[in-house]
Amino acid sequence: MAGDEALDKFQAGHLIRRRREALGYTQDDVVAQTSIPVSTYVSELENGKVSVGRSKHFPSLARFLRLSEADIRAINPSAVIEVRAADPPRELSPNLTRAAELYADRPRYAGFGTPAWLNYLNAFNFYDGQEPEPQGWAELFLTLKQSGVRPGEEL
(Lines give C-alpha, C1' and ligand atoms only; values in the text may rest on other atoms or scores of the structure.)
Protein backbone atom coordinates (compact mmCIF):
# COMPACT_ATOMS: atom_id res chain seq x y z
CA MET A 1 0.00 0.00 0.00
CA ALA A 2 1.40 3.37 -0.97
CA GLY A 3 1.69 6.23 1.51
CA ASP A 4 -0.94 6.79 4.18
CA GLU A 5 -3.88 5.75 2.01
CA ALA A 6 -6.34 3.67 4.01
CA LEU A 7 -8.35 0.73 2.75
CA ASP A 8 -11.92 1.71 2.00
CA LYS A 9 -14.55 0.41 4.42
CA PHE A 10 -15.41 -2.56 2.18
CA GLN A 11 -11.78 -3.67 1.85
CA ALA A 12 -11.23 -3.19 5.58
CA GLY A 13 -14.33 -5.22 6.39
CA HIS A 14 -13.16 -7.98 4.05
CA LEU A 15 -9.76 -8.02 5.79
CA ILE A 16 -11.48 -8.33 9.19
CA ARG A 17 -13.71 -11.17 8.00
CA ARG A 18 -10.77 -13.07 6.46
CA ARG A 19 -8.77 -12.74 9.67
CA ARG A 20 -11.69 -13.80 11.88
CA GLU A 21 -12.39 -16.84 9.71
CA ALA A 22 -8.68 -17.75 9.50
CA LEU A 23 -8.61 -17.87 13.31
CA GLY A 24 -11.77 -20.00 13.36
CA TYR A 25 -13.90 -17.47 15.24
CA THR A 26 -17.59 -16.79 14.79
CA GLN A 27 -19.14 -13.34 14.97
CA ASP A 28 -20.51 -14.32 18.38
CA ASP A 29 -16.95 -15.11 19.53
CA VAL A 30 -15.95 -11.58 18.53
CA VAL A 31 -18.81 -10.12 20.57
CA ALA A 32 -17.89 -12.25 23.58
CA GLN A 33 -14.22 -11.23 23.51
CA THR A 34 -14.31 -7.56 22.43
CA SER A 35 -16.15 -4.37 23.25
CA ILE A 36 -18.53 -4.93 20.31
CA PRO A 37 -22.03 -5.25 21.78
CA VAL A 38 -23.88 -7.38 19.17
CA SER A 39 -23.06 -9.69 16.26
CA THR A 40 -25.07 -7.56 13.82
CA TYR A 41 -22.47 -4.81 14.35
CA VAL A 42 -19.70 -7.28 13.46
CA SER A 43 -21.63 -8.10 10.28
CA GLU A 44 -21.97 -4.40 9.46
CA LEU A 45 -18.22 -3.92 9.91
CA GLU A 46 -17.37 -6.93 7.76
CA ASN A 47 -19.80 -5.90 5.01
CA GLY A 48 -18.55 -2.31 4.85
CA LYS A 49 -21.74 -0.75 6.18
CA VAL A 50 -19.73 0.72 9.08
CA SER A 51 -16.11 1.88 8.85
CA VAL A 52 -13.85 -0.46 10.80
CA GLY A 53 -11.10 2.14 11.19
CA ARG A 54 -13.45 4.78 12.57
CA SER A 55 -15.26 2.46 14.95
CA LYS A 56 -14.69 3.01 18.66
CA HIS A 57 -14.42 -0.78 18.85
CA PHE A 58 -11.46 -1.00 16.44
CA PRO A 59 -8.76 -1.21 19.16
CA SER A 60 -10.55 -4.06 20.92
CA LEU A 61 -11.18 -5.86 17.63
CA ALA A 62 -7.57 -5.41 16.47
CA ARG A 63 -6.25 -6.89 19.74
CA PHE A 64 -8.63 -9.84 19.64
CA LEU A 65 -7.85 -10.68 16.01
CA ARG A 66 -4.15 -10.03 16.65
CA LEU A 67 -3.92 -7.79 13.61
CA SER A 68 -0.42 -6.95 12.47
CA GLU A 69 0.81 -3.37 12.54
CA ALA A 70 0.61 -3.40 8.72
CA ASP A 71 -3.08 -4.43 8.83
CA ILE A 72 -3.87 -1.80 11.46
CA ARG A 73 -2.13 0.89 9.39
CA ALA A 74 -3.95 -0.28 6.25
CA ILE A 75 -7.31 0.09 8.00
CA ASN A 76 -6.47 3.32 9.85
CA PRO A 77 -3.14 4.98 8.95
CA SER A 78 -3.40 7.41 11.88
CA ALA A 79 -4.01 4.70 14.50
CA VAL A 80 -1.84 4.93 17.59
CA ILE A 81 -0.21 1.57 18.23
CA GLU A 82 1.03 0.75 21.70
CA VAL A 83 4.11 -1.44 21.73
CA ARG A 84 4.74 -3.29 24.97
CA ALA A 85 8.01 -4.87 25.96
CA ALA A 86 7.79 -8.62 26.30
CA ASP A 87 7.78 -9.97 29.83
CA PRO A 88 11.09 -11.61 30.73
CA PRO A 89 10.88 -15.40 30.70
CA ARG A 90 10.22 -17.09 34.02
CA GLU A 91 12.91 -19.23 35.54
CA LEU A 92 12.21 -22.90 34.76
CA SER A 93 10.43 -24.66 37.58
CA PRO A 94 12.49 -27.29 39.42
CA ASN A 95 10.20 -30.18 38.45
CA LEU A 96 10.19 -29.15 34.78
CA THR A 97 13.98 -28.86 34.83
CA ARG A 98 14.21 -32.34 36.39
CA ALA A 99 11.76 -33.74 33.83
CA ALA A 100 13.91 -32.41 31.00
CA GLU A 101 16.97 -34.04 32.56
CA LEU A 102 15.17 -37.38 32.91
CA TYR A 103 13.20 -37.57 29.66
CA ALA A 104 14.67 -35.31 26.95
CA ASP A 105 17.15 -37.92 25.67
CA ARG A 106 14.49 -40.61 25.22
CA PRO A 107 13.25 -41.05 21.63
CA ARG A 108 9.60 -41.01 22.68
CA TYR A 109 10.13 -37.54 24.19
CA ALA A 110 12.04 -36.06 21.24
CA GLY A 111 11.87 -32.27 21.42
CA PHE A 112 10.99 -32.13 25.11
CA GLY A 113 14.27 -30.49 26.12
CA THR A 114 14.18 -27.73 23.50
CA PRO A 115 13.87 -24.12 24.66
CA ALA A 116 10.62 -23.74 22.70
CA TRP A 117 8.93 -26.60 24.54
CA LEU A 118 10.41 -25.82 27.95
CA ASN A 119 9.36 -22.15 27.77
CA TYR A 120 5.91 -23.14 26.51
CA LEU A 121 5.36 -25.62 29.32
CA ASN A 122 6.88 -23.29 31.91
CA ALA A 123 4.21 -20.69 31.07
CA PHE A 124 1.42 -22.99 32.32
CA ASN A 125 -0.35 -21.91 35.50
CA PHE A 126 -2.08 -24.58 37.51
CA TYR A 127 -5.31 -23.91 39.39
CA ASP A 128 -4.09 -25.39 42.63
CA GLY A 129 -0.71 -23.65 42.33
CA GLN A 130 1.08 -26.98 42.43
CA GLU A 131 3.19 -27.87 39.43
CA PRO A 132 3.35 -31.51 38.30
CA GLU A 133 6.06 -33.90 39.32
CA PRO A 134 8.63 -34.63 36.57
CA GLN A 135 6.62 -37.60 35.25
CA GLY A 136 3.53 -35.36 35.04
CA TRP A 137 5.45 -32.82 32.95
CA ALA A 138 6.58 -35.60 30.62
CA GLU A 139 3.01 -36.88 30.24
CA LEU A 140 1.73 -33.35 29.58
CA PHE A 141 4.40 -32.91 26.89
CA LEU A 142 3.39 -36.17 25.17
CA THR A 143 -0.30 -35.27 25.28
CA LEU A 144 0.30 -31.84 23.76
CA LYS A 145 2.72 -33.15 21.13
CA GLN A 146 0.35 -35.95 20.12
CA SER A 147 -2.44 -33.36 19.87
CA GLY A 148 -0.42 -31.43 17.28
CA VAL A 149 0.71 -28.55 19.49
CA ARG A 150 3.86 -26.85 18.22
CA PRO A 151 5.18 -24.11 20.51
CA GLY A 152 5.86 -20.83 18.80
CA GLU A 153 3.45 -21.41 15.92
CA GLU A 154 0.39 -19.25 15.54
CA LEU A 155 -3.07 -20.60 14.96
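Before the clicking starts, one term: a polar contact here is a pair of N or O atoms within 3.5 Å, where, within protein, one must be able to donate a hydrogen and the other to accept it. Keep in mind, too, that this is a predicted model.

**Stop one: Arg20.** Select Arg20, which sits in helix H1. Is Arg20 buried or exposed? Its relative accessibility is 8%, under the 20% cut-off, so Arg20 counts as buried. Now show the side chain of Glu46: a polar contact of 2.6 Å joins it to the side chain of Arg20. Leaving out residues up to four places away in sequence, Arg20 also touches Tyr25, Thr26, Gln27, Val30 and Leu65.

**Stop two: the largest nonpolar core.** This core has 20 residues, and Ile16, Ile36, Val52, Leu61, Leu67 and Ile75 touch the most other members. Which helix gives the most? That's H4, with 4 residues. Then centre on Ile75: beyond its neighbours within four places in sequence, its contacts include Ala6, Leu15, Ile16, Val52, Phe58 and Leu67.

**Stop three: the second core.** Move on to a separate core of 14 residues, among them Leu96, Phe112, Leu118 and Phe141.

**Last stop: Leu140.** Pick Leu140 in helix H8, residues 134–146. With 21% relative accessibility, Leu140 counts as partly exposed. Not counting residues up to four places away in sequence, Leu140 touches Leu121, Phe124 and Phe126.

Notes:
Residues are numbered from 1 along each chain as its sequence is written. This is a predicted model: local features need pLDDT of at least 70, side-chain atom pairs count only at pLDDT 80 or more; totals for chains, interfaces and linings use all residues. Side-chain values use heavy atoms; hydrogens and water are left out. A nonpolar core is a set of buried Ala, Val, Leu, Ile, Met, Phe, Trp, Tyr and Cys residues joined through side-chain atoms within 4.5 Å. Buried means under 20% relative accessible area, exposed over 50%, partly exposed in between (1.4 Å probe, protein chains only). Helices (H or I, at least four residues) and strands (E, at least two) are DSSP runs, numbered from the N terminus. Contact means heavy atoms within 4.5 Å.
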